Amino acid sequence: MMGRLPRLKWAAATAALALSVTGCMTVHGEREVIPAVAKDEAPEVLKQFTTTYNKAWRTADPKLIEQVETGPLLAIGKADLTAEHAVNPAGNPRAGTLELTDARFTIPQQAGWPKFFVADADSNRGPNRWMLLFTRTGPDAPWRAAYLSLLSDDEVPDFALDDEGYAQPVRTGADSGLAVRPDRLSSTYASYLMTGEGSTFTEGPATSGLRAERKKHVRTPKYWTEYIDSPARGADFAPAGLRTKDGGAVVFFASYHRQKQTAAKGYRPTPPERVQAVMTGKADKAVTLTRVFESSVRVPAAGAPDKQVVFLNRLEGVTSAKGE
């Protein structure tokens with residue numbers, strides 16, 4: 001479950017819902033706590049996403065995906081489609097059609113912008129469900145998917161819902177009520193990958209396993225590798241989360257990861273064709289890959305006896321490359 005598609009890899013009532021009530025009173029989405037999206041609108045958002053996603057892949061058009069993706073998911077998807085266009089410039093009418101069925105929608109009540117909700121659905125791309133976080137930045141902005149996680153049915157979070165069936169968003173700062181502030185997950189994760197220090201995260205493929213895999217490539221007879229991990233910045237890459245029944249939360253966050261491979265004497269880097277499609281410069285001695293990770297994690301409540309963060313899923317994609 002480490003990738004949406006086998007692409008550039010090396011080894012998320014409307015958001016501005018106005019509710020008319022008796023007497024001409026309007027509820028404003030920027031001030032009042034209201035559902036992030038109307039329950040009958042959420043399926044239409046998912047349908048539009050799927051339709052545009054499929055069209056983008058059939059036509060190999062990286063600009064088209066901008067209509068329905070944003071943030072870390074767009075960074076990965078746009079690079080994927082740039083590479084696809086390089087390989088199939090006229091498009092690929094035989095590209096497999098994504099089908100999302102048996103959809104469930106988890107909608108929080110929120111004030112202010114951005115607003116978000118989560119959809120999870122069965123996919124024809126394998127046994128896992130696609131869990132998408134859709135976000136909207138303002139009353140006139142479209143809904144776009146910012147995060148995607150691939151989860152088995154047993155892994156889909158058990159979100160806490162109120163009597164009306166609405167979820168509870170978590171605050172991302174010091175008042176989150178969680179063992180780790182959501183707005184510090186990205187920097188804490190980047191720091192751990194760089195140093196191996198800290199006990200915020202449980203051991204697993206995205207943490208200790210990734211560091212162990214990297215060690216295998218630090219120095220080989222053909223090349224040596226340097227890694228630089230850094231937190232994601234900017235509103236489009238902001239974390240978001242929903243409370244779970246156990247008092248904790250599932251949080252979505254992103255991070256950046258650079259990998260520089262320098263060839264030993266007598267060797268020359270040979271990046272794959274799809275990497276070359278997003279590469280600047282000429283790979284004479286070295287290639288630096290920039291990857292975006294988008295992750296979903298379980299974060300315990302502040303008072304939980306076990307405060308370690310558990311990765312549910314991590315997707316990654318090469319978003320740029322530089323040859324030297």
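## Ground rules

Since this is a predicted model, local features need pLDDT of at least 70 and side-chain atom pairs count only at pLDDT 80 or more, while totals for chains, interfaces and linings use all residues. Residues are numbered from 1 along each chain as its sequence is written, and side-chain values use heavy atoms, with hydrogens and water left out.

## The sheet

Let's start with the strands. Four of them make an open sheet in the order 2-4-5-6, with antiparallel pairing. Strands here are DSSP runs of E with at least two residues, helices are runs of H or I with at least four, and both are numbered from the N terminus. Two strands count as paired if DSSP finds at least two bridges between them. Strand 2 (100–106) and strand 6 sit at the edges, each pairing on one side only. From one strand to the next, the twist averages 25 degrees. For angles like this, axes are lines fitted to C-alpha atoms (for helices, over the stretch in contact), and values run from 0 to 180 degrees between N-to-C directions.

Five bridges hold the antiparallel pair of strand 2 and strand 4, and Thr-101 faces Asp-122 of strand 4. Strand 4 and strand 5 also run antiparallel, joined by eight bridges, with Phe-116 opposite Thr-135 of strand 5. Strand 4 is largely enclosed by the rest of the structure, because eight of its nine residues are buried. Buried means under 20% relative accessible area, exposed means over 50%, and partly exposed falls in between (1.4 Å probe, protein chains only).

## Helices across the sheet

Helix 2 (residues 71–87) lies across strand 5 and strand 6, at about 80 degrees to strand 6.

Asn-92 belongs to the loop between helix 2 and strand 2. It is buried, with a relative accessible area of 17%. Setting aside neighbours within four places in sequence, Asn-92 is in contact (heavy atoms within 4.5 Å) with Trp-57, Arg-58 and Glu-84.

## The second largest pocket

Strand 3 (109–110), strand 4 (115–123), strand 5 (129–136), strand 6 (144–151) and strand 8 (240–243) each give at least two residues to the lining. By type, the lining splits into 14 nonpolar, seven polar and three charged residues. In that scheme Ala, Val, Leu, Ile, Met, Phe, Trp, Tyr, Cys and Pro are nonpolar, Asp, Glu, Lys and Arg are charged, and the others, Gly among them, are polar.

## Leu-242

Leu-242 is in strand 8 and is buried, with a relative accessible area of 0%. Its contacts, leaving aside neighbours within four places in sequence, include Phe-116, Val-118, Phe-159 and Val-170. Leu-242 and Phe-116 are 126 residues apart in sequence, yet 10.0 Å apart in space, C-alpha to C-alpha.

Most residues other than glycine have a negative phi, and most peptide bonds are trans. The bond from Trp-113 to Pro-114 is cis, with omega near -5 degrees, and Pro-114 lies in the loop between strand 3 and strand 4.

Ala-60 has a positive phi near 55 degrees; Ala-60 is in the loop between helix 1 and helix 2 and is buried, at 1% relative accessible area. Asp-102 shows a positive phi of about 50 degrees. Asp-102 is in strand 2 and is partly exposed, at 49%. In the hairpin of strand 4 and strand 5, with five residues between the strands, Gly-126 takes a positive phi near 140 degrees.
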